[in-house]
Each structure stands twice: as structure tokens, then as C-alpha cells.
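Here is a short briefing on one protein model.

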Amino acid sequence: MYTARRLALLAPLAALPLLVSGCTSDSGTEDGTVDVMASFYPLEFIAEQVGGDRVDVRSVTPPGAEPHDVELSPAQVARIDGADLMLYLSGFQPAVDDAVAQTSPGHVVDAASDTTLLAADEHHEDETAEEHQEHDHGELDPHFWLDPSRMPAVVDDVATALSEIDPEGADTYAANAAALNQRFEDLDAAYAAGLQQCGSRTFVTSHDAFGYLADRYDLDQVGISGIDPDAEPSPARLAEVKDIVRDEGVRTIFFESLVSPKVAQTLAADLGIDAAVLDPLEGVTEPDADYFSVAEANLDALRMALSCS
């Protein structure tokens with residue numbers, strides 16, 4: 001995944017084994033909490049919710065940064081090496097994959113082991129061969145967290161890891177995990193009910209980040225570009241999307257909060273329709289926002305765009 005970018009990211013990590021080999025720490029932080037490193041926001045959120053006051057959670061992806069492109073400093077790699085728990089999604093962030101391979105955190109939870117990741121083309125069964133090529137045929141789609149029904153498996157794995165690290169907190173972790181999983185179940189039910197009766201089932205996004213959401217709630221996602229948010233759509237793809245918008249009566253083209261909206265906004269303006277945010281929940285930019293508030297805003301945006309009753 002992201003082959004060209006991966007080559008660029010490997011160079012800063014080449015010297016890291018020497019830098020991190022002498023960087024070790026005792027289990028836990030100075031105040032006795034469990035030291036958790038997470039690779040990006042949805043996993044950071046799970047760790048915070050399950051761990052509560054018993055954990056100190058830090059993310060290697062800065063707030064407001066696009067996680068696909070994250071690069072790690074030697075200090076960040078050293079923190080991963082000394083962490084009690086490293087929580088990441090293999091195959092999503094090449095620099096993080098490399099850092100995990102080079103270090104020895106106390107425990108590692110790979111979210112890819114807890115959910116079945118789909119290939120990008122599995123979200124586009126009805127596309128033409130040219131559209132499949134545009135969507136990077138065979139590339140895994142990492143955005144599982146946009147289907148809330150897939151989150152409890154990761155929650156349970158994090159609770160288990162934290163209980164192994166901190167047995168005295170096992171009951172707390174189990175209770176927090178159960179409460180969080182109930183919230184995911186409630187969100188799943190709200191999406192299913194809110195998207196059941198809609199005038200249209202086709203929505204257009206700047207890139208293919210919402211395949212799991214579309215699969216879960218029987219919607220049809222049309223991405224202007226493929227899984228990689230930095231990929232530039234071809235003129236042929238833009239023409240295809242315009243045809244779909246006209247044929248399906250699409251009223252809104254969605255762009256993201258962490259990626260340039262220029263292509264989506266320009267296309268919407270050319271077609272005389274609205275452009276609005278649909279957040280892939282890879283990070284939060286507002287201080288009072290969290291996974292659930294953003295997911296609820298996404299549901300409202302989809303209901304509006306799809307004329308749901």
C-alpha cells in the first residue's frame with residue numbers, strides 16, 4: 001500500500017536501530033499509569049475510553065494531520081519501543097509498520113488482526129474495468145472503523161492487553177469496554193434506522209474512504225479517486241463521476257476535513273450542486289469533537305444528501 005510513499009519514508013528510519021537500542025523504560029509511567037502508544041485517532045480513542053484514568057495514551061499522528069503520510073522522529077520510535085502497549089493498524093501507515101518491526105513494546109495490538117479488511121475493489125462490484133483500475137484493484141481498504149459494528153473486536157483486544165499489563169485494573173477495563181461496545185452498537189442501530197428510507201442510495205466522495213460504511217448500510221459509494229487520498233483522478237474518471245451524478249440525481253459531493261477539498265468543490269461547482277464535509281474519522285480537529293460526535297454529524301450529512309426520511 002502506498003508503495004511510492006513507503007520508499008520515501010524508509011530513509012529516515014534507516015538509522016533508528018542504533019538510536020532506539022539503548023532506549024528502554026520500566027513498565028508504566030512515572031505516575032503509575034499504563035503507557036500506551038497509538039498510531040492514529042480511532043485507535044487512540046479506543047485506548048482512552050477503555051483505559052480511562054489508568055492509562056496515558058499518546059498518538060504518533062499529530063492532531064489535524066493526515067495519518068496516511070505520517071513520518072516518525074527517532075524520539076517517537078523510542079517511545080514506541082518503551083511503551084507498555086502499542087496499538088496500530090498494519091498496512092495503513094508504512095512508517096509505523098517499520099517502527100513496530102524495529103522495536104519491542106511490551107504488548108502490541110494490531111487492529112488488522114481483529115477485523116477482516118476488504119480489498120478496495122470489493123466495494124465496487126458493479127464498476128467497469130476502467131473504474132477498477134482507477135480504484136487500485138486489489139489494494140486493501142483500511143478504513144474499517146467507519147463501520148461501528150467492526151469496532152468491538154478491537155475494543156475487546158485492547159481490554160485484554162491492558163488487563164495483562166495491569167491485572168489490578170482488569171475489572172475497570174472490562175466494564176469500560178462493555179460500555180464502549182454498547183455505544184458502538186447504539187451508533188450502528190442509529191445508522192441502520194437513519195439510512196433505511198432514503199430517496200437515493202448513491203453518495204459521491206473525494207476518495208474511497210467509506211466503503212465499509214456503504215457495505216454495512218446498503219449504500220453505493222462513488223469515489224472521485226481511489227483509496228489513496230493524494231491520488232489525482234484522471235480526466236476520464238472525472239467524466240465518469242459527472243455522468244453518475246447526473247444519472248443518479250446526486251445533490252452533494254463530499255470532501256474531507258484533513259485533505260484538500262479543491263477537486264470535490266470544483267466538481268460540485270461545475271455540476272451546480274452542493275459540496276459538504278463527510279469526515280473519514282482519521283483524526284479530529286475540534287477540541288470538543290470525538291469519534292461519536294463526528295460519526296453522528298456524518299449520519300446527519302448523509303441523511304440530508306440522500307433525502308432520508
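Cys198 and Cys308 form a disulfide, with 2.0 Å between their sulfur atoms. The model is predicted. One disulfide is what the structure holds.

**Disulfide**

- The link of Cys198 and Cys308 is right-handed, with 100 degrees about the S-S bond.
- This pair ties together distant parts of the chain, 110 residues apart.
- Cys198 sits in the loop between α8 (170–194) and β5 (202–207).
- Cys308 lies in the segment after α12 (291–305).
- Are the two cysteines buried or exposed? Both Cys198 and Cys308 are buried. Each therefore has under 20% relative accessible area.

**Sheet**

- Four strands make up an open sheet. Their order is β6-β5-β7-β8, and the pairing is parallel.
- Which strands stand at the edges? They are β6 (220–225) and β8 (274–277). Each has a single partner strand, so one side of each lacks a neighbour in the sheet.
- From one strand to the next, the twist averages 30 degrees.
- β5 is joined to β7 (residues 252–255) by two bridges, and these strands run parallel.
- Thr205 has Phe254, in β7, as its bridge partner.
- As a general point, strands of a sheet pair through backbone hydrogen bonds, either parallel or antiparallel.

**Helices on the sheet**

- Helix α11 (residues 262–271) packs on the sheet. Its contacts are with β5, β6, β7 and β8.
- The direction of α11 makes about 170 degrees with that of β7.
- Helix α12 lies across β5, β7 and β8. α12 runs at about 160 degrees to β7.

**Cavity**

- How many cavities of 30 Å³ or more does a search of the whole structure find? The search finds one.
- The largest cavity has a volume of about 50 Å³.
- Its lining includes the aromatic residues Trp145, Tyr191 and Tyr291. Leu146, Leu187, Leu213 and Leu281 also line the largest cavity. Pro148, Ala295 and Asn298 complete the list.
- Which helix gives the largest share of this lining? α12 does, with three residues.
- α8 and α12 each supply at least two residues of the lining.

Notes
Residues numbered from 1 in each chain as written. Predicted model: local features only at pLDDT ≥ 70, side-chain atom pairs only at ≥ 80, totals over all residues. Heavy atoms only, no water. Disulfide = S-S within 2.5 Å. Buried < 20%, exposed > 50% of the residue type's maximum accessible area, 1.4 Å probe, protein only. Pairing = 2+ DSSP bridges. Axes fitted to C-alpha atoms, helices over the stretch in contact; angles between N-to-C directions. Contact = heavy atoms within 4.5 Å. 1 Å grid on protein atoms, 1.4 Å probe; cavity = no way out; pocket = protein on both sides within 12 Å on 5 of 7 lines; lining within 4 Å. Points joined across faces, edges and corners; volume = space filled by probe spheres on them.
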